[in-house]
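Open the model in your viewer and keep the selection tool handy. We will go from stop to stop, and at each one you will pick something and look at what is there.

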Amino acid sequence: MKQIWTVFVFTLKDAARKKAFKISTFILLLVIFAACLIVNLTSSGGESAEGAAGATTAGTGAETASGAAEEEAGQDITLEGVCYYIDEDAAIPGGMEALQAALPTYQVKQGDAAQLGAYRSEIAENGEVSLVLVQQTQGSPAVTVVTKDVLSGVNNSDVSDALNQQYIVNQLEAQGVTGDVAATLNFEIPVAVEIAGEMDLSGYVLGIVIVMLMFFAIYYYGYGVSMSIATEKTSRVMETLVVSAKPSRILIGKCLAMGALGLLQMAGVMLFAALCYHFLIPDNFTLMGMPLSLSSFTLTRAVIILAYFILGYALYAVMNAVCGASVSKIEDINSAMMPVVLIAMISFYLGYFTAISGSGTDSLLQQIAIYVPFCSPFIVPFKILNGDVATMDLILSLAALVVAIVLITALSIRIYTASVLHYGSRIKLKDMFKLRA
Amino acid sequence: MGLVVTNLVKRFGSKVAVDHLSLQMEEPGVFGLIGTNGAGKTTSIRMILGIMSADEGSSAWNGTPISRDTLSFGYMPEERGIYMKNKVLEQLVYFGMLRGMNRSDARKSALSYLERLGMSEYKDTLVEKLSKGNQQKIQLIATLVHNPELIFLDEPFSGLDPVNTEVLRGLLGELIEEKRYIVMSSHQMGTVEEYCKDILILHHGQTKLQGNLRKIKQGYGHTNLVVSCDVNIDETAAGLGLTVIEKRAGETEYRIQGDDMANALLSHMVSQGFYPTKFEIREPSLSEIFIEKVGEAS
């Protein structure tokens with residue numbers, strides 16, 4: 001134990017002094033600061049942008065309609081833009097009124113077919129302007145909706161629903177059905193969706209950030225373990241070390257030191273991020289209209305996430321240690337690490353995509369990702385933050401991870417002990433198992 | 001009881017790297033383990049120290065099987081291995097602590113050895129900034145910092161200039177006086193001859209010769225004659241059956257078969273009025289014995 005501690009302290013101090021560590025820490029802090037600063041600047045700028053948008057809308061003459069709509073609804077409605085309506089053939093009588101009712105945030109204006117080209121040019125420049133063109137084709141109306149792009153202007157479905165309904169009413173009335181009956185036939189039962197809880201995007205965003213950080217940390221610090229061991233081996237320091245301490249103790253001490261360094265760096269980065277959040281992010285900051293909060297980051301969840309970080313790191317660190325011990329030349333380290341990198345990448349993408357795409361579901365792929373030890377550190381933290389992991393799943397996942405660590409560590413120590421004093425060509429994976437110290 | 005190694009065997013696949021190696025070192029002093037490159041010296045040392053498991057055989061120190069946990073041994077490997085980007089004292093303390101010392105004792109011991117080897121001024125210097133000879137000394141201190149009873153030195157003098165060689169000789173002398181057990185592996189036969197009471201010659205993993213060096217040499221008898229004379233006596237010597245082993249500046253070494261042959265040459269020279277300034281009858285050198293044994297095996 002004393003030897004493990006000695007290796008731990010020496011490796012920790014040595015790694016913390018390295019330029020690579022200092023530079024990477026500085027860059028991380030800089031990125032966080034820059035991101036928060038950008039949010040700070042754009043948030044205050046966003047308010048004035050909204051003001052500018054209002055002025056633009058007023059310039060188009062929409063203020064009257066806006067005022068009228070607001071008065072009518074008896075509430076504040078922010079005008080999103082203008083929609084020109086052209087129906088020269090009167091294919092859908094009453095269509096414009098129906099459209100205005102369906103699009104309360106737009107001022108629907110009667111357009112002039114002669115100005116079609118001008119409208120198109122204006123729409124091409126301005127996302128707030130749209131055009132609905134109704135034409136009579138082979139006895140029935142056809143509608144064309146013109147917007148700047150798919151993301152701006154009026155919603156196609158809303159336009160289609162409004163004009164379809166009006167057309168049906170017109171047809172029924174033409175067949176002698178009274179307006180009341182036509183309205184009844186055309187009545188849609190209102191369906192309201194009530195959300196009992198608060199919609200909180202924080203868990204989702206934090207989950208993605210944590211999973212990303214987890215992958216970065218496991219990859220970066222695992223690489224550090226591998227490099228440290230490869231450097232000691234190729235510089236022959238290992239020859240001096242192994243007479244002093246058992247290889248297993250060296251391996252454990254090194255892995256623990258690099259893990260502790262990772263935790264310290266992460267803790268420092270997160271503390272800095274919290275300070276930046278506190279001082280730079282405005283209180284009313286929202287992401288896609290949703291306020292961000294840390295309510296999903298409870299103490300229990302934080303502890304479980306920390307456990308996954310430590311265990312996930314430990315699993316990959318011992319495998320990386322073997323990669324480092326298998327090379328005799330430092331330039332072989334990347335190719336030696338390839339199998340572990342592939343496992344990490346596949347596991348990360350499996351965990352990440354099943355997490356973000358299937359949150360809240362129990363798909364087979366997601367279940368596999370939760371239980372497979374290589375993968376679980378990349379999915380469970382996300383799911384914990386979003387509150388959709390069953391306790392039993394969590395216990396089984398953690399147990400599988402611990403068992404995998406014990407087995408792989410035992411195997412890694414055996415391979416490491418045998419390969420750490422092997423010099424010459426890089427040891428192939430299949431030969432590692434045959435080696436005997 | 002000292003060091004007892006019994007029938008150590010190591011195989012790598014079908015190749016036998018070390019074949020039934022046995023040796024005993026009952027008294028303090030220096031034991032010479034010599035052999036060509038690839039003879040199995042390093043593998044043997046690793047097995048003796050328990051760093052590498054043996055396929056067969058055992059090694060014991062005072063009756064106890066040797067391992068890192070049971071014996072405080074020191075090993076200076078042939079391939080030097082110290083942290084180049086760390087400071088001298090820092091890593092010496094680290095190596096001392098790895099061998100069970102506390103920080104204070106490790107520091108004290110490291111400073112003491114640095115003082116003995118004239119390296120005190122470099123204690124806070126990065127190792128990469130030291131000369132090769134000084135790095136070698138740091139490696140030696142890393143081996144000795146925890147004051148081991150049993151010491152293995154693999155090529156301790158390689159890469160040292162004459163001044164540093166002399167410093168190291170002094171330290172080796174001190175260790176011998178302190179009654180340490182030292183196993184030295186070296187290609188420098190002169191050094192082995194100077195320090196080792198007992199030797200073992202390894203070749204392709206097999207023990208070719210083993211025993212007390214003085215007795216081994218005595219067993220060969222007087223086989224060499226070194227003559228320094230102002231006149232060339234090669235023809236006379238050849239006439240008496242002597243063969244030239246080596247011609248050096250101012251002297252010639254001949255192969256003889258017994259003292260009579262040397263005495264006959266001396267009589268002949270004196271009768272002709274040729275008086276030698278040097279006339280030395282001696283046993284073969286370790287280097288010659290080594291070449292003979294290894295040559296026989298090859």
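In what order do the four strands of the open sheet in chain B lie? Select them and you will find the order 2-1-4-5, with antiparallel pairing. Two strands count as paired if DSSP finds at least two bridges between them. Helices (H or I, at least four residues) and strands (E, at least two) are DSSP runs, numbered from the N terminus.

Before going on, note that this is a predicted model, in which local features need pLDDT of at least 70, side-chain atom pairs count only at pLDDT 80 or more, and totals for chains, interfaces and linings use all residues. Residues are numbered from 1 along each chain as its sequence is written, while chains are lettered from A and ligands numbered from 1 in the order in which they are written.

**Still in the sheet**

Now select strand 1 (residues 3–12) of chain B together with strand 2 of chain B: seven bridges join these antiparallel strands. Zoom in on B:Phe12, whose bridge partner in strand 2 of chain B is B:Lys15.

**A loop in chain B**

Next, pick B:Gly258, in the loop between strand 13 (251–255) and helix 9 (259–271) of chain B. Is B:Gly258 buried or exposed? B:Gly258 counts as exposed because it has 11 C-beta neighbours inside 10 Å; the cut-offs are 20 or more other C-beta atoms within 10 Å for buried, 12 or fewer for exposed, and partly exposed in between, with C-beta atoms placed from the backbone.

**Two helices in chain A**

Move to helix 13 (residues 364–371) and helix 14 (residues 376–385) of chain A, whose axes come within 7 Å and cross at roughly 110°. Axes are lines fitted to C-alpha atoms, for helices over the stretch in contact, and angles run from 0 to 180 degrees between N-to-C directions. These two helices of chain A are therefore roughly perpendicular to each other (under 35 degrees is roughly parallel, over 145 roughly antiparallel, 65 to 115 roughly perpendicular and the rest oblique). Show A:Ala369, A:Ile370 and A:Tyr371 of helix 13, which meet A:Ser376, A:Ile379 and A:Val380 of helix 14; residues are in contact if their C-beta atoms, placed from the backbone, lie within 7 Å.

**Where the chains meet**

Finally, display both chains: their contact takes 20 residues from chain B and 18 residues from chain A. Helix 2 (residues 88–98) of chain B gives the most to chain B's side, with four residues.

How values were computed:
Contact = placed C-beta atoms within 7 Å.
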